[in-house]
Amino acid sequence: MCVVDSLCLCLCVYASVSVSMYNEPVISIRNVNHYFGSGRLRKQILFDISAEIQPGEVVIMMGPSGSGKTTLLTLIGALRSTQEGSLRVLGQELNGASIGKLTQVRRNIGYIFQAHNLLKSLTARQNVTMSLELHANLTAAQKQRQVEEMLTAVGLESHIDYFPDELSGGQKQRVAIARALASHPKIVLADEPTAALDKQSGRDVVDIMQRLAKQQGSTILLVTHDNRILDVADRIIYMEDGRLSNLETAPV
Amino acid sequence: MFAIPLAWLQLKRERIRLLVALAGIGFAVILMFIQLGFRDALFDSAISMHENLEGDIFLISPQSTALIAMKSFSQRRLYQALSYEGVESISPIYMDFALWKNPIDRRTRSIMIIGFNPSEKVFSSAIVSDMSPTQIPDTVLFDTASREEFGPIPDLFKTGKPVTTEVRSRRVTVGGLFKLGASFGADGNLITSDLNFFRIFSRKPGLIDVGLIRLAPGADANQVYLDLLQGLQRLDLKPGDITDLNDCAGLRKKELARNPTEPKGDVIVLSKQCFIDFEQEYWKSSTAIGFIFGLGTAIGFVVGTVIVYQILYTDVADHLAEYATLKAMGYRNGYLLSVVFQEALILAALGYIPGFLLAVILYNLTRNATALPIAMNLERAMLVFCLAVIMCVISGAIAVRKVQDADPADIF
């Protein structure tokens, strides 16, 4: 384990150095095409996508179901291999990147899912700690403090040692946000984080997300159908039939 | 190591499943313990007599295969051995099976009878303390560890009344008790004098079954052994040929490799260790018993592997979305594999404990029910623990393939 740990440590250092050096968009997409299936069943999902997202921006991506939003999100999140075109995230080219490099990029991204995807066997505290475990440059006490601060920031200071089963939907989603943001990621990717929540919880969740991301200077890319939360965006992009049809600045 | 023991927390979360898993592994562990225990008990019981014989070198017929199938040979060979330097004394031993009649229900059953001169010390005094009763005609000593089917002889004897019954249709009296233990070959044992032995079996002196040789104190055991091998077994050995008195396999190989036309001795000379080996080798390789218990152990191992695999597979399948989330967070495959293997090892260790405890209880039950020398020992405890760990690691290795299915792209 030590060997692996020290290896992660070097990689983390390497990654953070390369991250701090960029003065370019955190996400830069150029002429990306993506296909599902193979042979005769091969179907193109994304068509010639190009976009740039600057550090600190809050971008909402909208569009009908099946338009390819989630696919684009998983590509940016280094969860899928890029097939065609250039996709640079935090200064790293993802097209043709090795699994190891993709894993490395993932550690600088916070994910918030439609389903909270918390580990059921772990308490809120342990769930958030799991994301800090990957950052070996913190002592146990620092991690502990950071976890508690994070859970306090999302308003769960009284539920720190609860299991996911003992929390409401909104509370679970707030733990998920704490988990995603605990390690101060440069990018936060969120896929319909409010879809399973009622109006008030959804509003709270988005507000917390926006506030924390702004504090940390994170970039947020948020996929949503929810018109009630569009006001948090600096910019809204539309996806339709695999094409980014429009780029415009949201009315503030 | 990571600060959060995810493997343990995940196992602990599903209490019922954990208990079922532990029951399954415990069952496999018990199965292996019982099979190996029976096997070892067989081998131990088969040689309990050998171990308690007070002799250094033994002569047997080349046609003998085991204590239960001894071929007699001429006692001249044994007396010949007396002429060798370093040999202090000898004792001829006679053994055979006869039907013993249970004095209570009159049913007969085969019992092993061992005869020797009561004035000679053939068994250690811990086993046979007093041979003097056998000097009376038709008086025998009865093994208290014989199976119950022979009748409650020890209880009857201790009441003080004379216990008489029939052996090979000859009226005999139990004159004393000793404790040697039943074996798979002999359900019970009697010891008597050589003369009583001849009476029971209508045998004449002259043919013996085992020749026991005691060496003089300070004699060079290797040299005497070598001399006897050369002289009585007529094995062509040079002085450097046996360095180890107990290299039984090597000597056996030499004996078998002999040219059939060259003259052979009509006895085989065995050191005490080789005499023990000779008996064990018979039970291990020439009977089905060693194989059967080995197979039983293997089945326990396979059953355990399947159970652990099922548990781990279900566990991984249940946590697949969580594992995919961890991958999305930047955890490597290696971390997830280590979680599964940790779970496997935790299951092995936890399942072993109840299995071990129950096996000890079952050993006690078996010992009381069968008079076989079956007991837990460190060697077997370690062996089964290692088997349990290997079992769980194999299951883990099969189950981790499922972890590869955890695709972080699927969870959005």
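Guide: A disulfide is counted here when a pair of cysteine sulfur atoms lies within 2.5 Å. This is a predicted model, in which local features need pLDDT of at least 70, side-chain atom pairs count only at pLDDT 80 or more, and totals for chains, interfaces and linings use all residues. Residues are numbered from 1 along each chain as its sequence is written, chains are lettered from A and ligands numbered from 1 in the order in which they are written, and side-chain values use heavy atoms, with hydrogens and water left out.

Visitor: How many disulfides does a search of the whole structure find?

Guide: A disulfide is a covalent bond between the sulfur atoms of two cysteines. The search finds one over all chains. B:Cys248 is joined to B:Cys274, with an S to S distance of 2.2 Å. The link is left-handed, with -90° about the S-S bond. B:Cys248 lies in helix H8 (residues 248-256) of chain B and B:Cys274 in helix H9 (residues 272-285) of chain B, so the pair ties together parts 26 residues apart in sequence. Helices are DSSP runs (H or I, at least four residues), numbered from the N terminus.

Visitor: Are B:Cys248 and B:Cys274 buried or exposed?

Guide: Buried means under 20% relative accessible area, exposed over 50%, and partly exposed in between (1.4 Å probe, protein chains only). Both B:Cys248 and B:Cys274 are buried.

Notes:
Helix = DSSP H or I, 4+ residues; strand = E, 2+ residues; numbered from the N terminus.
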